[in-house]
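Please read the following note beside the sequence and the model.

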Amino acid sequence: DHQNFALYDDALPVLAELRRHRLAIGLISNGQRDLVAFATHHALDVDVAIGSKAHGRSKPHRSIFETALVALAVEPAQAAMVGDSYEDDIAGARALGMRAILLDRDGIHPREPDRILDLAALPAALGLAPTA
């Protein structure tokens, strides 16, 4: 049930900041929940939401990333994947030629060069100037 999954406090403000920069935003997940219902319930401002249950393949399989890229009308080199699983998110995205930023909230991958410790650091990691 999507109501049982809380969002981190930084999620909605960072999504709003990315929107101010007019970025297209996709959400992909390996969870078993209905991702569209989850995004709607939490008022996540995303252009596309693709869950592995509905899609039929899980990250790091390339097809789930490719489906999101096609839906967003962007090439892999124009996209950045942000995720907390090195194997599923980072390796999967990099295999397609996407930039991948590891969300390392617990600081367990200190040697990963492209990582952030919380979502608040994402706009700067993407090279976006503050808009607020």
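1. Asp104 is buried, with a relative accessible area of 3%; here buried means under 20% relative accessible area, exposed over 50%, and partly exposed in between (1.4 Å probe, protein chains only). Because Arg115 belongs to strand β5 and Asp104 to the loop between β4 and β5, the pair ties together parts 11 residues apart in sequence.

2. On sources: this is a predicted model, in which local features need pLDDT of at least 70 and side-chain atom pairs count only at pLDDT 80 or more, while totals for chains, interfaces and linings use all residues. Residues are numbered from 1 along each chain as its sequence is written, and side-chain values use heavy atoms, with hydrogens and water left out.

3. A salt bridge is a side-chain nitrogen of Lys or Arg within 4 Å of a carboxyl oxygen of Asp or Glu. A search of the whole structure finds 9 salt bridges. Helices (H or I, at least four residues) and strands (E, at least two) are DSSP runs, numbered from the N terminus.

4. Arg99 pairs with Asp114 in a salt bridge, their closest N and O atoms being 2.8 Å apart. This pair links distant parts of the chain, with Arg99 in strand β4 (residues 99-103) and Asp114 in the loop between β4 and β5 (115-116), 15 residues apart. Arg99 is partly exposed at 32%, whereas Asp114 counts as buried at 18%.

5. Arg19 forms a salt bridge with Asp45, the closest N and O atoms being 2.8 Å apart. Arg19 lies in helix α1 (residues 11-20) and Asp45 in the loop between α2 (35-41) and β2 (48-51), 26 residues away. Both count as partly exposed, Arg19 at 22% and Asp45 at 39%. Shared partners join Arg19, Asp45 and Asp47 into one salt-bridge network.
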